[in-house]
Structure formats: C-alpha cells, structure tokens
Amino acid sequence: MKNMHRSSFLDFYLILTAVFITVSMSAQFQNKNSNLPSDFWDNVQFGGGVGLSLGSGYTDISISPSAIYNVNHYFSVGLGAQYTYTKLKNSYSSNLYGGSIITLFNPLPEIQLSAELEQLRVNVTGVSPNNFKNNFWNTGLFIGAGYRSNNATVGVRYNVLYKENSLAYNTAFMPFVRFYF
C-alpha cells in the first residue's frame with residue numbers, strides 16, 4: 001500500500017516536470033510580435049481562491065493560492081497550493097493539503113477552459129461512536145470551463161478521476177471562482 005502512495009506521488013512530480021519543460025520550450029518559440037512583455041515576471045499573475053461554508057454543525061474553510069505564467073494571450077500554466085479544513089459536528093473532521101498544476105486556455109476573452117492535476121494528502125478523523133482515522137493521498141484531474149470577466153472567472157469543473165464514496169470529495173462536479181492579478 002505504501003508503494004502505491006509513493007508511486008502516485010512520484011507520478012504527480014514527473015507530470016509537473018514535463019509541464020514545465022513544455023512551457024519553457026513554448027516560451028522560447030513565442031511569437032516575437034506578441035503584445036506580451038518579454039520579461040518573465042511581467043507574464044506572471046498571482047491569485048487563487050478562498051472558501052467558507054458554514055451550516056448546521058458543518059464547517060468548511062479553504063485557501064488555495066496559485067500563480068500562473070501567461071505563455072501568450074491564449075495559454076497559461078501555473079502552480080497552486082491548497083489547504084482545506086472540514087468538520088461535521090459529532091461525525092468527523094478532516095484536513096486536506098497539497099498542490100496542483102493548472103493549465104488555462106482562453107479561446108475567447110470571456111471563455112476560459114482549464115485542466116488541473118491535483119495531489120492532496122487527506123487526513124480524516126471520525127468521532128464517537130465510530131472512532132476512526134484514515135490518512136491517504138488523493139489524485140484529482142479536473143477539466144473545467146468558465147466565464148471570465150477582467151481578473152475573475154466563474155465556472156464549473158469535473159474530476160475525471162472521481163470515485164464514489166471518496167473521503168476527499170463528495171461529488172465529481174465542483175463550482176469554482178478564480179482570481180488572478
């Protein structure tokens with residue numbers, strides 16, 4: 001079982017390395033007539049999202065900072081981090097943390113398509129009468145689409161690796177709000 005977790009973790013970093021090699025090569029072949037500045041840091045945007053959900057005995061708090069590099073006006077690639085705390089009173093609490101790589105494609109200024117590979121460590125603790133602990137790695141591959149206006153994008157994404165009865169997510173579809181400045 002431990003080898004499976006290491007393999008999943010190693011696969012994530014191999015994919016991450018491949019994406020950055022691809023981005024570096026793409027940036028070298030970027031059209032010189034582009035309106036984007038040639039300085040690397042001028043093409044970097046920072047942002048991400050925060051979330052808060054409170055209900056009857058339920059708490060969900062998340063923060064997910066990220067940074068993207070604009071390869072050109074249509075394509076961006078970046079890295080993100082995530083932390084989520086969830087608690088259902090008299091049932092369980094969980095901590096999820098990890099990272100992701102994201103690619104964004106804007107075929108039109110208002111439309112944003114995305115693909116995101118996410119690797120999270122999930123720590124779940126149940127409370128009485130069913131005391132339990134479950135710690136594992138969860139990999140998600142999200143394909144999304146959203147409406148973009150200025151620095152914000154609102155949309156939905158679908159986890160193609162979703163497994164029913166997963167302790168990481170309760171559904172394959174997830175709405176999102178993304179900000180980059």
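Trainee: Hi! What should I know before I start?

Mentor: The model is predicted, so local features need pLDDT of at least 70 and side-chain atom pairs count only at pLDDT 80 or more, while totals for chains, interfaces and linings use all residues. Residues are numbered from 1 along each chain as its sequence is written, and side-chain values use heavy atoms, with hydrogens and water left out.

Trainee: Great. How many strands close into the barrel, and in what order?

Mentor: Eight, in the order β1-β2-β3-β4-β5-β6-β7-β8, with antiparallel pairing. Strands here are DSSP runs of E with at least two residues, numbered from the N terminus, and two strands pair if DSSP finds at least two bridges between them.

Trainee: And how many bridges join β5 to β6?

Mentor: There are 16 between β5 (residues 111-126) and β6 (residues 132-149). T125 stands opposite K133 in β6.

Trainee: Switching topic: which residues make up the largest nonpolar core?

Mentor: Nine of them: L96, L120, V122, V124, F136, F142, A168, Y169 and M174. A nonpolar core is a set of buried Ala, Val, Leu, Ile, Met, Phe, Trp, Tyr and Cys residues joined through side-chain atoms within 4.5 Å. Buried means under 20% relative accessible area, exposed over 50%, and partly exposed in between (1.4 Å probe, protein chains only).

Trainee: Which element gives the largest share?

Mentor: That is β5, with three residues. The elements giving two or more are β5 and β6.

Trainee: You listed F142 there. What lies over its face?

Mentor: R157 does, at 3.7 Å from the ring centre. A charge sits over a ring if NZ of Lys or CZ of Arg is within 6 Å of the ring centre and within 35 degrees of the ring normal. R178 likewise has its charged end over the ring of F176, 4.1 Å from the centre.

Trainee: Nice. How many aromatic pairs are there?

Mentor: Four. Rings of Phe, Tyr and Trp (its six-membered ring) pair if their centres lie within 6.5 Å; planes under 30 degrees apart count as stacked, over 60 as edge-to-face and the rest as tilted. F40 and W41 are edge-to-face, at 5.0 Å centre to centre and 90° between the planes.

Trainee: Are those two buried or exposed, and which cluster are they in?

Mentor: F40 is partly exposed at 43%, whereas W41 is exposed at 58%. Together with Y69 they form one aromatic cluster.

Trainee: Why is the F179 and F181 pair called stacked?

Mentor: Because their planes are at 5°, with the centres 6.4 Å apart.

Methods: Helix = DSSP H or I, 4+ residues; strand = E, 2+ residues; numbered from the N terminus.
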